[in-house]
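Q: I have a chain open here and would like to talk it through before setting anything up. Could you take a look with me?

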Amino acid sequence: MPTFNQELEKFLASKKQKTLQELIDIFADKSFAVLFLLLLALPALPLPTGGVTHIFEIIAMQLAFELIIGRKTVWLPKRWLNKTTPASLQSSVLPKFLKIINWFEKFSRPRLNKIQNNTIYPRVIGIVILLFVVFAFLAPPFSGLDTLPSLGVVILSLGLIFKDILLSVIGFIIGSVGILLIFILGNLIFQLF
């Protein structure tokens with residue numbers, strides 16, 4: 001059985017048009033996690049984005065709501081599903097990101113599957129992801145404070161993909177620290193001005 005990294009490499013190497021629908025079809029039960037991973041990979045980088053990533057965060061919020069209400073499959077408007085993924089994402093960002101995913105894949109293993117197979121678990125993860133994405137969205141522009149909540153979502157997504165509860169816990173801790181920093185530093189910035 002191919003690993004997640006191999007499936008993603010195969011997707012990138014295929015000559016077919018690369019759309020969100022194609023990605024969802026390939027990863028089926030992991031499609032929510034894969035989309036969270038892709039949508040929040042850019043905000044998770046320690047670069048001030050100046051609000052450019054807000055579009056990705058809004059889509060991630062919608063997907064988190066879908067998880068919370070118990071959807072098993074991703075719903076997005078058809079025109080979004082049929083859009084091809086940007087060439088820069090396919091040629092430069094994702095190939096570099098594959099190395100990071102490969103590193104996580106080497107060290108992760110399924111842990112506590114019983115908890116993850118529970119019907120409540122995806123809803124709880126949806127609430128946590130929604131909380132982290134909202135704080136990443138509300139972080140002051142050009143501050144870089146959206147990085148840790150976004151990174152928390154990325155690692156939570158990897159925890160879902162690899163069925164590793166330890167990664168999910170690490171993602172939760174990182175995202176929570178990010179929210180705490182937004183409160184502390186955001187308050188300092190507000191007091192200065």
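Q: Let's start with Leu131: is it buried, partly exposed or exposed?
A: This is a predicted model, and in it Leu131 counts as partly exposed because its relative accessibility is 42%, which lies between the 20% limit for buried and the 50% limit for exposed.

Q: Where is Leu131 found?
A: Leu131 is found in helix H8, which spans residues 121-138.

Q: OK, Asp164 then. Which contacts does Ser108 have, leaving aside neighbours within four places in sequence?
A: Asp164 is one of them, and Ser108 is also in contact with Phe162 and Leu167. Ser108 itself is found in the loop between helix H6 (87-107) and helix H7 (113-116).

Q: Is Ser108 buried or exposed, and why?
A: Ser108 counts as buried because its relative accessibility is 14%, and the cut-off for buried is under 20%.

Q: Zooming out, what are the elements of the whole chain, from the N terminus on?
A: Every element in the run is α, and the protein chain has ten helices and zero strands.

Q: How does the radius of gyration compare with a compact globule?
A: The protein chain has 16 Å, which agrees with the value near 16 Å that a compact globule of 193 residues would have. Along the principal axes, the C-alpha atoms fill a box of roughly 55 × 40 × 30 Å.

Q: What share of the contacts is between residues 24 or more positions apart?
A: Such pairs account for 73% of the contacts with a separation of 6 or more in the protein chain.

Q: Switching to the core, which residues touch the most other members?
A: In the largest nonpolar core, which holds 53 residues, these are Phe4, Phe36 and Leu63. Several helices give two or more residues to this core, among them helix H1 (4-13), helix H4 (54-68) and helix H10 (165-192), while the largest share, ten residues, comes from H3.

Q: What is Phe36 in contact with, apart from neighbours within four places?
A: Phe36 is in contact with Ala60, Leu63, Ala64 and Leu67, and also with Ile129, Val153 and Ser157.

Notes. Residues numbered from 1 in each chain as written. Predicted model: local features only at pLDDT ≥ 70, side-chain atom pairs only at ≥ 80, totals over all residues. Heavy atoms only, no water. Helix = DSSP H or I, 4+ residues; strand = E, 2+ residues; numbered from the N terminus. Rg over C-alpha atoms; globule rule 2.2 N^0.38 Å. Contact = heavy atoms within 4.5 Å. Buried < 20%, exposed > 50% of the residue type's maximum accessible area, 1.4 Å probe, protein only. Core = buried A, V, L, I, M, F, W, Y, C linked by side-chain atoms within 4.5 Å.
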